[in-house]
Amino acid sequence: MQEQLWESVHIKDESYVLINLDHPYVDARVRSDLDAGVAVFYDRRWGVTEVLNRWLLANLDLIRGKRVLVLGAGVGAATVMLGKYCSHVWINDLAPAAVELCGEQMDQNGLKNYTTLLGSYEAIDLPEVDLVVASFLIYDAKTLKAMQAFLGNHQGDVLLVNERLKPFRQFLKNEKHTLVFDDEDGAGGIHLNRSGAK
């Protein structure tokens, strides 16, 4: 039996259509990026992403009607959820296939309120938004430096969810933040209020 490209997924009481990341179509797209020298990690529905999705659904007032930028979106499940509740979502990733597949996933869910932004988030022009959402973007010295560079140029609110790897713990020591959740599986969610307003 051939694998289905699209699968229905339930998160809390919500239903979404997500792309099957194990499907040959997706694999071919990912390999094309890797063959072109784009060394990136693709969202494989990591546990930290599931934690973020549950938290967002429990805190819809934070995102409802907002303009949101998703850094390093991958083929993210969170992006679809954000698209359902936000006024507009900007999808950023370094990998062309990730941005394209994420857009296809938004289309499959009937969501047209998005713009794709290809490139390294610390180096491209980004829109003014109400909130930045980033999931599992700090995992080594290079990504720590990239996030610090981004925050040096961004003055809005940031919701950052990450596993508690050493670079992320180092980041927390040097950045004023509010812990919004601490998951038992090791994911930490923080809010960076860089505009000065609560």
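User: Which residues of helix 6 are buried?
Analyst: Keep in mind that this is a predicted model. Helix 6 spans residues 166-174, and buried here means under 20% relative accessible area. The ones that qualify are P167, F168, F171 and L172.

User: Within what arc do the buried residues of helix 6 fall, seen down its axis?
Analyst: They line one face of the helix. That's because, looking down the axis of helix 6, the buried residues fall within an arc of 145 degrees.

User: And what does the face turned away from the buried side carry, and what covers the buried residues?
Analyst: The face turned away carries the exposed residues K166, K173 and N174. As for the cover over the buried residues, it includes helix 5 (141-153), strand 7 (157-163) and strand 9 (187-193).

User: Moving on to helix 2 and helix 3, is their packing roughly parallel or roughly antiparallel?
Analyst: Helix 2 covers residues 47-58 and helix 3 covers residues 77-85, with their axes 9 Å apart. The packing angle is about 15 degrees. Angles under 35 degrees count as roughly parallel, so helix 2 and helix 3 are roughly parallel.

User: Which residues meet there, and how many of them are charged?
Analyst: From helix 2 come L52, N53, L56 and L57, and they meet A77, A78, M81, L82 and Y85 in helix 3. By class, that contact has eight nonpolar residues and one polar, and the charged count is none.

Technical notes:
Residues numbered from 1 in each chain as written. Predicted model: local features only at pLDDT ≥ 70, side-chain atom pairs only at ≥ 80, totals over all residues. Heavy atoms only, no water. Axes fitted to C-alpha atoms, helices over the stretch in contact; angles between N-to-C directions. Helix = DSSP H or I, 4+ residues; strand = E, 2+ residues; numbered from the N terminus. Parallel < 35°, antiparallel > 145°, perpendicular 65-115°, else oblique. Contact = heavy atoms within 4.5 Å. Nonpolar A, V, L, I, M, F, W, Y, C, P; charged D, E, K, R; others polar. Buried < 20%, exposed > 50% of the residue type's maximum accessible area, 1.4 Å probe, protein only. Arc of directions from axis to C-beta.
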